[in-house]
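Welcome to this short briefing on a protein model.

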Amino acid sequence: MNRFLNSLNLVGVCALALLCVVQWRVNRRLNLEWNRQEQIRLEQAAAHEEQAGIIAGQAADLAALRAHLERVTGEFEQTAARLAAADEELRQAVEARDQLKASVSNWAAAVTVRDDRLRQAASQLQTVIAERNEAVRRHNDLTERYNTLVKQIEAQ
């Protein structure tokens, strides 16, 4: 019976060894799968963190873009208002220019009329001067004849 127990013990030890090998293989395969899954989880966590960083950066960029767009929109509205004011000033300046052109035309016509009148007055003045000179010359002649007559009468 001792032999039988030894044989049975040997068979039991071999079965236990076989069971340990099978269990070891199963545990090894499960451990490798767990390690692979853990590596995938770590890679995905890193990718998730990277994407979260990218999303945060893009959100910041979007907020900056919105702020810039609001500022540009405000500047555009201000520029549009200034442009409208400048257009109004230009319209007023054009009206003033047109009025000034009309005034200059009227002034030029008035100057022309004045120059014509001055020429006429100068012509009349020349005529009056000539008549005065003639009157003075005749007066001088008359005075000279009078003086001559007075001298003749006194000499007699």
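The protein chain holds one helix and zero strands; here helices (H or I, at least four residues) and strands (E, at least two) are DSSP runs, numbered from the N terminus. The radius of gyration of the protein chain is 64 Å, well over the 15 Å that the globule rule gives for 156 residues, so the chain is more spread out than a compact globule. That radius is taken over C-alpha atoms, and the globule rule is 2.2 Å times the number of residues to the power 0.38. Keep in mind that this is a predicted model, in which local features need pLDDT of at least 70 and side-chain atom pairs count only at pLDDT 80 or more, while totals for chains, interfaces and linings use all residues. Residues are numbered from 1 along each chain as its sequence is written, and side-chain values use heavy atoms, with hydrogens and water left out.

**Overall form**

- Taken along the principal axes, the box filled by the C-alpha atoms of the protein chain is roughly 220 × 30 × 15 Å.
- How far apart are the C-alpha atoms of V104 and H48? They are separated by 80 Å, and the two residues are 56 residues apart along the chain.
- V104 is part of helix α1.

**Surface**

- Of the 156 residues in the protein chain, 1% are buried; buried means under 20% relative accessible area, exposed over 50%, and partly exposed in between (1.4 Å probe, protein chains only).
- The protein chain has an accessible surface of about 14200 Å², and 61% of this belongs to carbon and sulfur atoms. Such areas come from the Shrake-Rupley method with a 1.4 Å probe, and for residues only the protein chains shown count as cover.
- V104 is exposed, because its relative accessible area is 52%.
- Which residues make a nonpolar surface patch of about 480 Å²? They are M1, F4, L5 and L8. Patches are made of residues with over 30% relative accessible area and no salt bridge, with like charges joined within 9 Å and nonpolar side chains (Val, Leu, Ile, Met, Phe, Trp, Tyr) within 5 Å.
- F4 lies in helix α1, which spans residues 2-155, and F4 counts as exposed because its relative accessibility is 56%.

**Charges and salt bridges**

- The protein chain has 20 positive and 21 negative charges, and their mean positions are 7 Å apart. Lys and Arg count as positive and Asp and Glu as negative, while His and the chain ends are not counted; the place of a charge is NZ of Lys, CZ of Arg, CG of Asp or CD of Glu.
- The whole structure contains 11 salt bridges, each being a side-chain nitrogen of Lys or Arg within 4 Å of a carboxyl oxygen of Asp or Glu.
- One of them joins the side chains of E88 and R91 (2.2 Å, N to O). E88 and R91 are three residues apart in helix α1, so about one helical turn separates them.
- E88 is partly exposed at 33% relative accessible area, and R91 is partly exposed at 38%.
- R114 and D115 form a salt bridge whose closest N and O atoms are 2.9 Å apart. R114 is partly exposed at 45%, and D115 is partly exposed at 25%.
- D116 and R119 also meet through their side chains in a salt bridge (2.7 Å, N to O). D116 counts as partly exposed at 37% relative accessibility, whereas R119 counts as exposed at 52%.
- Salt bridges that share partners link E134, R137, R138 and D141 in one network.
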